[in-house]
Amino acid sequence: MNGRGGRTIRVDTLARVEGEGSLYIKMAGDRVADVKLKIFEPPRLFEAFLRGRHCTEAPDITARICGICPVAYQMSAVHAVERALGIHIDPAVRLLRRLFYCGEWIESHALHIYMLHAPDFLAYEDAIAMARDHRPIVERALRLKKIGNRIVQLLGGREIHPLSATIGGFYKTPTKQTLLELRTDLEWALEASLETVRWTASLQFPNFEQDYEFVALRHPDEYPLNEGRLVSNRGLDIDVAEYEDHFLELHVKHSNALHSVVRGRSSYLVGPLARFNLNFERLPDVARKAAIEAGLRPPIKNLFRSIVVRAVELVFACSEALRAIGEYEPPPAPRIEASSRTGVGQAITEAPRGILYHRYALDEKGLILAAKIVPPTSQNLKRIEDDLREYAAQVAAWPIEEATWKCEQAVRCYDPCISCATHFLKLVVQPDDASRG
Amino acid sequence: MLVIGCGNRQRGDDAAGILAAERLRELGVPAQICGGEAAALLETWNGANDVIVIDAVLTGAIPGTLHIWDGSQALPSSFSVSSTHGLGVAEAIELARALGRLPARLRVWGIEAAQFDLGSDVSPAIRQATEQAALEIAAEANSLARS
């Protein structure tokens, strides 16, 4: 059954990813004939729901796209609408938004590193099996995640689909004292994150480097979360408003999610690796030092090492959250009100999985005429297929079960959020009928 | 005794656990509501000795059937309906077992569901089963309170 003839890798339901989809890889000898990441999660149609709604509803409606990264949707939505309305937020609100986003990064990265991704490197079927042998490690993960949740709950009113973010600021801002109550937890989380970097760096990684076009935000002096120019390692350097001039969404038959490409080029990579490679020198000292000690220096081109990069970003998020609560003084008003006007606004923020683009066209009453949302996972989908085309060829000679397992692992490196891209993922390896072994 | 209703109001019969918890509150029995995500569930029952978790399940039985499982045993694999985060109620219980964080006594009340369609209402048979589960659990809670 492990002959070198035509055969097919199929994973009908890919586990430990967010959402529903499957993977199909057709081999012809050692050559990969076809790769399809099939997204059968139903289309979400959020862009259509938004038409005719008031722009102030955009953050709360789009937050419903994802239960893992609702803050990302809220942040891209508020920034895009603020751009359309010409609102300039208070610096204290900006700081609070960074803290809010750090909370989401902490919970999302802790979940992916420990519960979804680490079992792949330690040869466990899942986090539960891993927990039996590595109890303190899983306890650490749960506590880290809880601290992230607590930040989101404190600023957003609840952990999932928070409520307080709005155009111009927040409905309610916390007191300094309330934020300081997070400090002890965050100091523990920072230490735990540094330990996470050391622990993930000790894992064994397959040798798989690719020549990626990395795309991420870049801010003059901050590691990117809410703002910056959009840059790549192939010379892209644009205002986020020019996004659609440089990127194209394509419909593909086998998927309910659109694929994205750089116009005139091809697939690209968004997420931790892209951010790290393009913003290494903007990491706070504690995170940069941890990266160097873990042997990470840009450019990292091996996607399997993204687990270590995520851990470095966990250090960043904890350190940045501590900075934010230290510097915070409540703004004069929780939010800035602005009158409605006709306009178009675009924004990109860095969701845990990569850049999230929103555009809104508003009429004179502030009603949404058109909306466009490009989530990070849909931007990575074509790149995932490209990676699998290379990676499947490397593992083609392996027994089918092992090859399948390896291909699934490659997909999980992306921490795909198929719910966002539409919404699920599924992977399959089986002999091809046309095979003559 | 701590009662926790799990589920998602937006997914048809998946609301069963939440409805049961709400009904228990009407009957004067304190009940928690939880989406069912593993870490949140472990947190919710942290420190409790006697816990009942109520959730919608798909085992192939007739919709509306009530199942009661003892958490000290592994749950039937059919219980492991994949949640959006890949770690749902069954996984939470196994994770707690692995971490030594299971309550001393844990029972899982499964309400057999018919459909989890987005935005749909709860099926009548499931609504009825939810009421029955709430009444039975309330009767036990009240007898415990008296004793």
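1. Confidence in chain B. The mean pLDDT of chain B is 88, and 93% of its residues score at least 70; pLDDT is the predictor's confidence in each residue, from 0 to 100. This is a predicted model, in which local features need pLDDT of at least 70 and side-chain atom pairs count only at pLDDT 80 or more, while totals for chains, interfaces and linings use all residues. Residues are numbered from 1 along each chain as its sequence is written, and chains are lettered from A and ligands numbered from 1 in the order in which they are written. The model scores ipTM 0.78 and pTM 0.88.

2. Helix 1 of chain B (residues 16–26) has the highest confidence, at 96, and helix 2 of chain B (residues 38–44) the lowest, at a mean of 86. Over residues 81–85 of chain B, pLDDT stays under 50, and the model has 13 contacts beyond four places in sequence for them. Where pLDDT is low, the predicted coordinates should not be read in detail.

3. Four helices and five strands make up the elements of chain B; helices (H or I, at least four residues) and strands (E, at least two) are DSSP runs, numbered from the N terminus. Their order from the N terminus is β-α-β-α-β-β-α-β-α. Chain B is as compact as a globular protein of its length, because its radius of gyration is 14 Å, close to the 15 Å that the globule rule gives for 147 residues. The radius is taken over C-alpha atoms, and the rule is 2.2 Å times the number of residues to the power 0.38. The C-alpha trace of chain B spans about 35 × 35 × 25 Å along its principal axes.

4. Packing in chain B. Of the 147 residues in chain B, 44% are buried. A residue is buried if 20 or more other C-beta atoms lie within 10 Å of its own, exposed if 12 or fewer, and partly exposed in between, with C-beta atoms placed from the backbone. Among contacts between residues at least 6 apart in sequence, 75% join residues at least 24 apart; two residues are in contact if their C-beta atoms, placed from the backbone, lie within 7 Å.

5. B:Phe116. This residue is in the loop between strand 5 (105–112) and helix 4 (124–146) of chain B. B:Phe116 counts as partly exposed because it has 17 C-beta neighbours inside 10 Å. Beyond its neighbours within four places in sequence, B:Phe116 is in contact with B:Arg11, B:Gly12, B:Asp13 and B:Asp14. B:Phe116 and B:Arg9 are 107 residues apart in sequence and 9.8 Å apart in space, C-alpha to C-alpha.

6. The largest nonpolar core. This core has 176 residues, and those with the most contacts inside it are A:Ile106, A:Val312, A:Val315 and A:Cys407. A nonpolar core is a set of buried Ala, Val, Leu, Ile, Met, Phe, Trp, Tyr and Cys residues joined through C-beta atoms within 7 Å. Helix 4 of chain A (residues 91–121) gives the most to this core, with 16 residues. Leaving out residues up to four places away in sequence, A:Val312 touches A:Val197, A:Phe276, A:Ala287, A:Ala290, A:Ala291 and A:Leu296.

7. Helix 10 of chain A. Eight of the eight residues in this helix (272–279) are buried, including A:Phe276. Among the elements that cover them are strand 6 (215–218) and helix 12 (306–327) of chain A.
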